[in-house]
Amino acid sequence: MLQSIEGVYKNGNIQLSELPSDVSESRVIVTFLEPEKYQIQKQIMRFGMFSGNKQSTENDFKITEFHGDTEDGLDWS
């Protein structure tokens with residue numbers, strides 16, 4: 001049975017993101033992937049995402065709602 005598990009190679013060691021199931025010893029094939037040059041992180045605000053005393057509130061989400069643009073000539077109703 002073949003299993004693929006993601007990991008990271010660093011300083012001569014391979015760190016697996018999870019342990020393989022039902023494998024105590026096995027031959028392996030290691031494939032080095034091209035490093036990601038630039039990764040765009042999603043910038044989505046969601047309820048309660050900030051730590052500390054300043055938490056997102058329902059009012060924060062109401063402020064950001066889009067209600068149409070009166071100058072674009074489109075009917076947003």
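The following legends describe close-up views of a predicted model.

**View 1. The largest pocket and the residues closest to its centre.** The volume of the largest pocket is about 1,100 Å³. Its lining comprises 23 residues, of which Gln3, Ile5, Leu16, Ile29 and Val30 are the closest to the pocket centre.

**View 2. Composition of the lining of the largest pocket.** Sorted by class, the lining contains 14 nonpolar residues, together with six polar and three charged ones. At least two lining residues are supplied by each of strand 1 (7-10) and strand 2 (13-16). Strand 1 provides the largest share, three residues.

View 3. Valine 30 is located in the loop between strand 2 and helix 1 (58-63). With a relative accessible area of 46%, valine 30 is classed as partly exposed, because this value falls between the limits of 20% and 50%.

**View 4. Asparagine 11 in the loop between strand 1 and strand 2.** Although asparagine 11 is not a glycine, its phi is positive, at about 55 degrees. The residue is exposed, and its relative accessible area is 73%.

**View 5. Aspartate 22 in the loop between strand 2 and helix 1.** Aspartate 22 likewise is not a glycine and has a positive phi, here of about 60 degrees. Its relative accessibility of 80% places aspartate 22 in the exposed class.

Notes: Residues are numbered from 1 along each chain as its sequence is written. This is a predicted model: local features need pLDDT of at least 70, side-chain atom pairs count only at pLDDT 80 or more; totals for chains, interfaces and linings use all residues. Side-chain values use heavy atoms; hydrogens and water are left out. On a 1 Å grid over the protein atoms alone, a cavity is a set of points where a 1.4 Å probe fits but cannot get out, and a pocket is an open set with protein on both sides within 12 Å along at least five of seven lines; lining residues have an atom within 4 Å of a point. Grid points are joined across faces, edges and corners, and a volume is the space filled by probe spheres set on the points. Helices (H or I, at least four residues) and strands (E, at least two) are DSSP runs, numbered from the N terminus. Ala, Val, Leu, Ile, Met, Phe, Trp, Tyr, Cys and Pro count as nonpolar, Asp, Glu, Lys and Arg as charged, and the others, Gly among them, as polar. Buried means under 20% relative accessible area, exposed over 50%, partly exposed in between (1.4 Å probe, protein chains only).
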